[in-house]
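Here is a short briefing for a reader meeting this structure for the first time. Take a look at the sequence and the model before reading on.

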Amino acid sequence: MIERKDDICILQITVPDESVAETITRAVLEDHLAACVHLSPVKSRYLWKGEISRDDELLLCMKTTMAAVDELERVIRGLHPYEVPEILVLPVAGGSEDYIAWVEGCISGRR
Amino acid sequence: MIERKDDICILQITVPDESVAETITRAVLEDHLAACVHLSPVKSRYLWKGEISRDDELLLCMKTTMAAVDELERVIRGLHPYEVPEILVLPVAGGSEDYIAWVEGCISGRR
Amino acid sequence: MIERKDDICILQITVPDESVAETITRAVLEDHLAACVHLSPVKSRYLWKGEISRDDELLLCMKTTMAAVDELERVIRGLHPYEVPEILVLPVAGGSEDYIAWVEGCISGRR
């Protein structure tokens, strides 16, 4: 059954290259601040100082808990090269019971 | 106009390869449990038995309804090779009226 | 700190090719209806007139505000070749304060 539960969330960031992606990914997993991270390439178009900028970036989607997002942001900012990195929290409405328990276990396991 | 409606959702899973991806995708579409499925490659990094594991997977994002997610999970689990597959339900806040009507029609069409 | 704020959202669409993707992306950025757009390739499988259709598409994820989504949809539909394009609004639960302020500034800057 799908468990309707909203303490799990996805924290989404973008980074400029693989090296930064792997450094941040390893740090947040080793600190048990995320259970799983998906890395995928994206083309970014964005407004910066009145112009449209074009970059190739990597999107990192981190499965974590709402309780962990503040500390997760702190660790990310300490390793991120951007002045204003994209850091967004996407809500999750639920999931399969054993997967949700696994994510919660990975995160809470550190306390 | 954007219709503010939350009965639509995105059910997200990951699978190990194209063959499993296409088998699950065909089953959920033929059963009218999803209207549309997006497949895209991701690099996954995750905690498993105290170590960081590294896999190349496929992410499947299924446009469905909250009413269908339990049966959708049942069908997925019957075809998925993992012991604890990622199955997450992401909420949708709304969408264009005709697209939402199309998704609802695809899913409800089976009853 | 992560700011718990839900006026930001992600408007997600799919398009058939790069040319349509870049045309729509430039229009919504120049009109300050989105602050940032991520483009990524997806394989789409969907039900259309009783058959499963298979297309290679591009997914566009636009960071915008809930206040802007109706006008954003209007601009997209004016440039989109599909009869029933996928246009979905995904909620955001929060994000880093400076990034959220940047998105809000890009969008509100046009008024």
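Predicted model: local features only at pLDDT ≥ 70, side-chain atom pairs only at ≥ 80, totals over all residues.

The largest pocket holds about 710 Å³ of space. In chain B, strand β4 pairs with β2 and also with β3.

**Arrangement of the copies**

- The copies use different surfaces, as 3% of the contact residues of chain B recur in chain A.

**The largest pocket**

- About 710 Å³ of space lies in this pocket.
- Its lining is made up of 33 residues.
- Nearest the centre of the pocket lie A:Leu59, A:Cys61, B:Leu59, B:Cys61 and C:Leu59.
- The lining residues divide into 21 nonpolar, 9 polar and 3 charged.

**Strands of chain B**

- Strand β2 of chain B (residues 8–15) runs antiparallel to strand β4 of chain B (residues 51–65), and 8 bridges join them.
- B:Cys9 stands opposite B:Thr64 in β4(B).
- Strand β3 of chain B (residues 36–48) is also antiparallel to β4(B), with 13 bridges between the two.
- B:Ser44 stands opposite B:Asp55 in β4(B).
- β3(B) and β4(B) form a hairpin, with 2 residues between them.
- In the turn of this hairpin, B:Lys49 has a positive phi of about 55°.
- In a regular strand, side chains alternate between the two faces of the sheet.

**A buried leucine in chain A**

- A:Leu72 is part of helix α2 (residues 69–79) of chain A.
- Is A:Leu72 buried or exposed? A:Leu72 has a relative accessible area of 0%, so it counts as buried.
- Which residues does A:Leu72 touch, leaving aside those up to four places away in sequence? They are A:Leu11, A:Val28, A:Leu33, A:Met62 and A:Thr64.
- A:Leu72 and A:Ala27 are 45 residues apart along the chain, and their C-alpha atoms are separated by 9.7 Å.

Methods
Residues numbered from 1 in each chain as written. Chains lettered and ligands numbered in written order. Heavy atoms only, no water. Contact = heavy atoms within 4.5 Å. 1 Å grid on protein atoms, 1.4 Å probe; cavity = no way out; pocket = protein on both sides within 12 Å on 5 of 7 lines; lining within 4 Å. Points joined across faces, edges and corners; volume = space filled by probe spheres on them. Nonpolar A, V, L, I, M, F, W, Y, C, P; charged D, E, K, R; others polar. Pairing = 2+ DSSP bridges. Helix = DSSP H or I, 4+ residues; strand = E, 2+ residues; numbered from the N terminus. Buried < 20%, exposed > 50% of the residue type's maximum accessible area, 1.4 Å probe, protein only.
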